Amino acid sequence: MKRLAVFASGRGSNFRAIVDHTRMGILENLEVTLLVTNDANAPAIASARENKIPSAYIEGVLGRKFVTKQEREQARNEFDEKAVALLKQEHIDLVALAGFMQVLGHGIIDAFRWRIMNIHPAKDLVRFGGRGMFGERVHAAVLKSGMKESGCTIHYVDESIDGGPVVLQSTVLVEPTDTPETLAERILIQEHRTYSKAIQLHVDEKIKVADGKVLIDWSGGWEEKWNRRQEPFICSQMQKQLKQGALVKPAA
């Protein structure tokens, strides 16, 4: 059984989706062991509490002002040191960043090389990734560029920002009437499906990283089996959307 820690700074919708995948028996041989946040008031903490998952607050750089870059870097290093100690104490095998608003430093990346994943709400990480590109800023930039499609990317974390080896991507078409909010909503649906798939690939040891690129072993009908297992989650997603009025039922 692999042990997963999720890092989140906000509402934690991807955190909840991962927990739902484990609760529904879709994610196998995995236990969501810990939530780590750098915001003591993050709504994700309530989700962890509801699911009886321990959470830990470690102060980082979020929401703080620093006189010098050196002070900021020191605060980030202190976060990393405390996080690494906690992850090792809890025997964590994999870390999933889910809306975590802080760049990780060399210390934690080296300690968990190719064992930290991140999700980004765009497919083109060169144009729509990097420093300052998060949340609706990403979707606004996509719309401004005139792109016909966007989506989400799950990648391993390296020393770059949003530049690590790509594990999986999902595509969402951009509609002429889209706003950053509507595009974000549709991409989030795919985020909730795709992140757990990437995590399962890692848990099943189907991924190798060679020369900075991800190689996936799809043998044994892995993807077909995953798609069948994930059907209940997708159905529950659609039911929630219908209740919220996000989808219109087709005429009989």
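## Hairpin, salt bridges and surface patches

In the hairpin of β8 and β9, which has two residues between the strands, D211 takes a positive phi near 55 degrees. This is a predicted model, in which local features need pLDDT of at least 70, side-chain atom pairs count only at pLDDT 80 or more, and totals for chains, interfaces and linings use all residues. Residues are numbered from 1 along each chain as its sequence is written, and side-chain values use heavy atoms, with hydrogens and water left out. Helices (H or I, at least four residues) and strands (E, at least two) are DSSP runs, numbered from the N terminus.

**The hairpin and positive phi values**

- Strands β8 (residues 207-210) and β9 (residues 213-216) run antiparallel and are joined by four bridges; strands pair if DSSP finds at least two bridges between them.
- Across this pairing, I207 stands opposite I216 in β9.
- D211, in the loop between β8 and β9, counts as exposed at 81% relative accessibility (buried is under 20% relative accessible area, exposed over 50%, partly exposed in between, with a 1.4 Å probe and protein chains only).
- W114 also has a positive phi, near 60 degrees, in a residue other than glycine; W114 sits in the loop between α4 (106-111) and β5 (116-120).

**Salt bridges**

- A search of the whole structure finds 13 salt bridges, each being a side-chain nitrogen of Lys or Arg within 4 Å of a carboxyl oxygen of Asp or Glu.
- The side chains of R3 and E90 meet in one of these (3.6 Å, N to O). R3 lies in strand β1 (residues 2-7) and E90 in the loop between α3 (69-89) and β4 (94-97), so the pair ties together parts that are 87 residues apart in sequence.
- R3 and E90 also belong with E31 to a network of salt bridges.
- R229 and E28 form a salt bridge too (3.5 Å, N to O). Because R229 is in helix α8 (residues 222-244) and E28 in the loop between α1 and β2 (30-37), this pair ties together parts 201 residues apart in sequence.
- Within helix α3, R76 and E73 are three residues apart, about one turn, and their closest N and O atoms are 2.9 Å apart. R76 counts as buried at 16% relative accessibility, while E73 is partly exposed at 34%.

**Surface patches**

- Patches are made of residues with over 30% relative accessible area and no salt bridge, joining like charges within 9 Å and nonpolar side chains (Val, Leu, Ile, Met, Phe, Trp, Tyr) within 5 Å.
- R11, R16, K240 and K243 form a positive patch; Lys and Arg count as positive and Asp and Glu as negative, with His and the chain ends not counted.
- L62, M101 and F134 make a nonpolar patch of about 230 Å², with areas from the Shrake-Rupley method and a 1.4 Å probe.

Methods:
The place of a charge is taken as NZ of Lys, CZ of Arg, CG of Asp or CD of Glu.
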